[in-house]
Amino acid sequence: MKFKFSGTLLRFVDYQKELELTNVQTLHTAINQLLELHPDLRNIMIDGEGRVRKVIRVSVNRTVVDASSEGALKTALTSSDEVSLFTAIVGG
Amino acid sequence: LRSDEQPILSWLRSQAGQGATGFLIRGGRGAAALARTLVSCGESLPDLSYPLVLSLQNSIANALEDAELSASGILDGSMIGAFAYSERRDALEFETRLRCEADGWLVLSGQKSWVTVGALADLYFVYAETETRKLQVVLVRRSDAGVVVEPLEGHGLAAAAFARVSFHDVRLPPDRIIEENDGLSHAQWFLNNRRLLLCCGTVGRMRAILDHCGRYALVTERYHRRLAEYPNVQVIIGRMRVLLNAAQSTLDCAIAALESNASNRDRYWDSHQAAAKVFVVDTAQQFALLALRVLGGSGFRAESEAARFQRDCTGLIAGGGPQDLLENLLGAEWLQCMEEGVRS
């Protein structure tokens with residue numbers, strides 16, 4: 001499967017627009033692999049309870065899912081699937 | 001710092017008496033009514049701080065739980081709240097720290113570099129990192145021991161009472177935590193809802209300035225003719241009208257989108273609101289320069305409403321997220337949608 005990054009998160013993946021992962025079964029395992037490869041992502045992506053922060057917009061094959069819910073994390077992924085992450089973090 | 005003789009405080013109390021501090025409670029359904037009130041405030045008051053601070057009180061009230069809200073005094077205007085997020089760094093990094101003591105109490109230390117209405121506020125939403133790098137949000141009262149408030153003077157928005165607020169080992173009971181696990185999302189939710197509201201007063205002010213320029217052109221003579229008779233002045237007034245109509249329409253569309261799509265919109269990044277903020281603030285600056293061209297030297301005097309407007313609207317370049325960053329994110333989101341064949 002392939003991760004695609006846009007917005008504030010790019011800085012934490014060395015400005016790679018895409019990242020390919022193998023041996024991924026679910027959205028949950030994909031996110032865990034991603035965090036192992038880019039540990040700096042953890043603090044921005046994951047909240048104090050270990051869930052994906054609500055501010056991270058996650059789309060699986062162009063459909064937005066609530067990745068903070070356990071149900072969405074069980075989504076099965078195959079090698080042709082794409083998971084897009086968009087995050088807008090702004091001060092004020 | 002806080003004196004009840006401050007005009008903005010008595011004005012806020014009078015607005016609160018008419019229910020204007022609680023429009024947004026329960027999911028933002030009152031956005032249209034609040035926007036109308038803020039536009040009207042901008043039209044009738046020469047200082048954009050007034051609608052800015054009123055909109056902020058609505059946002060603060062909206063973010064408080066029932067029990068916190070009833071104790072806060074925000075709704076009746078007896079107390080003022082402020083959003084204490086920004087430090088001298090990017091929006092993801094914090095030096096303000098929160099640690100938990102053995103007795104369960106919290107200890108807050110750090111500094112927020114720029115807090116709108118911070119010099120007058122009674123309570124602050126403070127974003128701070130724990131020892132385990134959780135970003136939490138705590139409610140801090142000005143009266144808590146160790147809170148130090150230093151007023152800062154802005155280039156405009158004179159009554160917005162900007163301040164640097166420092167926290168020197170401020171001890172807080174555990175029930176002051178507003179958000180325990182995801183302060184980052186909390187801040188983005190808070191700011192997302194603010195973008196549209198903070199520029200409503202600007203549109204009202206543009207209406208008032210256009211009227212002012214029109215009156216000036218009708219009664220001022222140059223070379224034995226009224227300014228209003230010169231085609232170049234008519235062109236400038238016409239251009240100002242175009243900008244005003246465009247800003248008003250953008251605001252109306254974003255408010256309609258907010259109200260009609262309340263249940264399924266992205267609560268953390270609403271591109272309608274972000275685009276409206278960027279457009280209204282940019283337009284206001286072009287508009288202010290045109291007003292100065294009509295008014296000439298009289299518009300440049302410090303007490304001129306047009307000069308004040310020019311100073312005030314520059315304060316909104318950074319408010320609710322800097323223009324450049326918002327445009328960057330709007331562009332990135334659009335390109336991602338195009339790449340994926342989805343229309344944003």
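Let's start inside chain B: the side chains of Glu43(B) and Arg207(B) meet in a salt bridge, 3.0 Å from N to O. By salt bridge we mean a side-chain nitrogen of Lys or Arg within 4 Å of a carboxyl oxygen of Asp or Glu. That pair ties together distant parts of the chain, with Glu43(B) in helix 2 (residues 31-44) and Arg207(B) in helix 6 (residues 200-219), 164 residues apart. Keep in mind that this is a predicted model, where local features need pLDDT of at least 70, side-chain atom pairs count only at pLDDT 80 or more, and totals for chains, interfaces and linings use all residues. Residues are numbered from 1 along each chain as its sequence is written, chains are lettered from A and ligands numbered from 1 in the order in which they are written, and side-chain values use heavy atoms, with hydrogens and water left out.

**Confidence**

- The predictor hands the complex an ipTM of 0.92 and a pTM of 0.93.
- Chain B has a mean pLDDT of 93, with 96% of its residues at 70 or more; pLDDT is the predictor's confidence in each residue, from 0 to 100.

**Salt bridges in chain B**

- Over all chains, the structure holds 24 salt bridges.
- Back to the opening pair: Glu43(B) is partly exposed at a relative accessible area of 30%, and Arg207(B) is partly exposed too, at 29%. The cut-offs here are buried for under 20% relative accessible area, exposed for over 50%, and partly exposed in between (1.4 Å probe, protein chains only).
- Glu305(B) and Arg205(B) also bring their side chains together in a salt bridge, at 3.1 Å from N to O. This one again links distant parts of the chain, with Glu305(B) in helix 10 (residues 305-314) and Arg205(B) in helix 6, 100 residues apart. Helices (H or I, at least four residues) and strands (E, at least two) are DSSP runs, numbered from the N terminus.
- Within that pair, Glu305(B) is partly exposed at 31% relative accessible area, while Arg205(B) is buried at 2%.
- Arg226(B) and Glu229(B) form a salt bridge at 3.3 Å, N to O. Arg226(B) is partly exposed at 34% relative accessibility, and Glu229(B) is partly exposed at 35%.
- Shared partners join Arg11(A), Arg89(B), Asp90(B), Glu93(B) and Glu95(B) into one salt-bridge network.

**The A-B interface as a whole**

- Counting contact as heavy atoms within 4.5 Å, 33 residues of chain B are in contact with 25 residues of chain A.
- The size of an interface is often given as the accessible area lost when the parts come together. Here the buried area (accessible area, 1.4 Å probe, that two parts lose on being put together, summed over both) is about 2600 Å², with carbon and sulfur atoms giving 53% of that.
- On the chain B side, Leu92(B), Asn181(B) and Glu340(B) lose the most area to chain A, together 22% of what that side buries.
- The rule finds five salt bridges across the interface. Arg57(A) and Glu333(B) meet in a salt bridge at 2.7 Å, N to O.
- Helix 5 (183-198) and helix 11 (323-339) of chain B each supply at least two residues of the side that touches chain A. Helix 11 gives the most, with seven residues.
- By class, that side of chain B has 14 nonpolar, eight polar and 11 charged residues. Ala, Val, Leu, Ile, Met, Phe, Trp, Tyr, Cys and Pro count as nonpolar, Asp, Glu, Lys and Arg as charged, and the others, Gly among them, as polar.

**Two chain A loop residues that touch chain B**

- Thr8(A) is in the loop between strand 1 (2-7) and strand 2 (18-20) of chain A, and counts as buried at 16% relative accessibility.
- Leaving out residues up to four places away in sequence, the contacts of Thr8(A) include Ile44(A), Leu92(B) and Leu329(B). A polar atom of the Thr8(A) side chain lies 3.0 Å from the backbone nitrogen of Ile89(A).
- Asp47(A) is in the loop between helix 2 (41-45) and strand 3 (56-60) of chain A, and is buried at 13% relative accessible area.
- Beyond its neighbours within four places in sequence, Asp47(A) is in contact with Arg53(A), Asn181(B) and Asp182(B).

Methods:
Polar contact = N/O pair within 3.5 Å; in protein donor to acceptor, adjacent residues only side chain to side chain.
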